Amino acid sequence: MNPEQTEKGYLLIGTYTENEIGKGSKGIYIYRCDYRHGTFDYQGVAPAKNPSYITLDRRQENLYAVSETAAPSSVCSFPFDCGAGTAGEPQVTPNDGADPCNIVVSPDGRFLVTADYSSGGLSVFPVRDDGSPGAERQLFNFTGSGPVGDRQDGSHIHCARYCRCGRYLFVTDLGADSIYRFDVLAGVEDHIDFDTKRVFRVKAGSGPRHFVFDRDGKYMYLINELSASVMAFSYENGEIQEIQHLTANPDGGDGGDIKLSPDGNYLYASVRETAVNGIAVYRRDAGTGLLEFVYYQPCVLHPRNIEFSPGGRFLFVTGMKEGKVQVFSYDPADGRLRDTGRKIDVPNPTCLVFTE
């Protein structure tokens, strides 16, 4: 890879354009970034409706976004020029689920999967040869509930991720305090075998939200939204087992996002809706997978998403209710984040994606 490509690239920012949080956003904002210094310049915007979660395919030729609206919602795809940092005309495909809040591309690039929050389902779309999503092929709705009032009145699917080997898809159900696992099919029209559902329960009232696997595929880490807690699991052959449960913020709040540092030595979990919005920092033992709390870093209001820039020098944080993306430098010696003083003004930022 050209060294220039690893030192400079583009930051794509998903937003809410119209909902109860506020208006003023036009869609997906694009910034030219210098990954050595954590600086940025406005490039343009790709118009879209409530693109609250976005992702790129592996070749960085197609940009995908959910349109988080009530059913029927949609999935949007844009041809993306990674060299110029521009998005082409969108292709909009109907989604029968309500309020999709997460989208992931299958490891082979042949399918898209959305987590449909309000309807409590998963939607699966084939990817056409031109990179655009075809008509919805599979839809699976879950049923369940939990003890936390209207926030767990039914299943609320929040996140879908493939394990490192790609054989299984894992899914969080915030409403039913559950993590689901499904077999991924190969060489057939359908992508997910919903008959293989395996259920892993977490503590009632936790509200599992986002999760990550470590780079060796031996451990999984989960942020719970309702309890603002972090859980560590061992992973082997599609099975997870809880090994640790920690409070991210003793003052409560809602868990937001969770990320491992690029070197795998530290874990970061964001907390919102509390007196001091911030990021809990943990030291990670790569051998045992266990975490040790280091400190709590205050940050912008409502840190919905956090993401390391390529090269790992900086952590970017979306302050959804502040209308800013905050930039921290990362110190690999102790895992500490240091505020650079730089912020990007973006209405209702919700999701960050970098090109490499």
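Q: What lies over the face of Tyr180?
A: Lys197 does, at 5.2 Å from the ring centre. The cut-off for a charge over a ring is NZ of Lys or CZ of Arg within 6 Å of the ring centre and within 35 degrees of the ring normal.

Q: Where else does a charged end sit over a ring?
A: The charged end of Arg32 sits over the ring of Tyr10, 5.1 Å from its centre.

Q: Before I go on, what am I looking at, and how are residues numbered?
A: This is a predicted model, where local features need pLDDT of at least 70, side-chain atom pairs count only at pLDDT 80 or more, and totals for chains, interfaces and linings use all residues. Residues are numbered from 1 along each chain as its sequence is written, and side-chain values use heavy atoms, with hydrogens and water left out.

Q: What pLDDT does the chain average?
A: The average is 95, and 97% of the residues score at least 70. pLDDT is the predictor's confidence in each residue, from 0 to 100.

Q: Where is the pLDDT below 50?
A: Over residues 1-5. That stretch has five contacts in the model beyond near neighbours in sequence. Contact means heavy atoms within 4.5 Å.

Q: Back to rings. Which residues do ring pairs link into a cluster?
A: Phe140, Phe142, Tyr180, Phe182 and Phe194. Rings of Phe, Tyr and Trp (its six-membered ring) pair if their centres lie within 6.5 Å; planes under 30 degrees apart are stacked, over 60 edge-to-face, and the rest tilted.

Q: How many aromatic pairs does the structure hold?
A: It holds 19. One of them joins Tyr268 and Tyr330, with ring centres 6.2 Å apart and planes at 85°, so that pair is edge-to-face.

Q: Which strands do Tyr268 and Tyr330 lie in?
A: Tyr268 is in β24 and Tyr330 in β29 (residues 324-330), so the pair ties together parts 62 residues apart in sequence. Strands are DSSP runs of E, at least two residues, and helices are runs of H or I, at least four, numbered from the N terminus.

Q: Are those two tyrosines buried or exposed?
A: Both Tyr268 and Tyr330 are buried. Buried means under 20% relative accessible area, exposed over 50%, and partly exposed in between (1.4 Å probe, protein chains only).

Q: And where does Ala269 lie?
A: In β24, which spans residues 266-272. Ala269 is buried too, because its relative accessible area is 0%. Ala269 touches Ile223, Val230 and Tyr282, among others.

Q: New topic: β7. How many of its residues are buried?
A: Six of the six, so β7 is largely enclosed by the rest of the structure.

Q: Which β7 residues point which way?
A: Asn62, Tyr64 and Val66 point one way; Leu63, Ala65 and Ser67 point the other. In a regular strand the side chains alternate between the two faces of the sheet.

Q: What does β7 pair with over six bridges?
A: Strand β8 (residues 73-81), in the antiparallel sense. Two strands pair if DSSP finds at least two bridges between them. Tyr64 stands opposite Ser77 there.

Q: How many bridges join β6 to β7?
A: Three, and those strands also run antiparallel. Thr55 in β6 (residues 54-56) stands opposite Tyr64. β6 and β7 form a hairpin with five residues between them, and Gln60 in the turn has a positive phi of about 60°.

Q: What is in the loop between β7 and β8?
A: Pro72 is found there. The peptide bond from Ala71 to Pro72 is cis, with omega near -5°. Most residues other than glycine have a negative phi, and most peptide bonds are trans.

Q: What phi does Asp99 have?
A: A positive one, about 55°, although Asp99 is not a glycine. Asp99 lies in the loop between β10 (91-95) and β11 (100-105).

Q: What about Ala228's phi?
A: Positive as well, about 50°. Ala228 is buried, with a relative accessible area of 0%.

Q: Last one: what does the Asn62 side chain make a polar contact with?
A: The side chain of Asp57, at 2.9 Å. A polar contact is a pair of N or O atoms within 3.5 Å; within protein, one must be able to donate a hydrogen and the other to accept it, and residues adjacent in sequence count only if both atoms are side-chain atoms. Asn62 counts as buried, at 7% relative accessibility.

How values were computed. Lists of a residue's contacts leave out its neighbours within four places in sequence.
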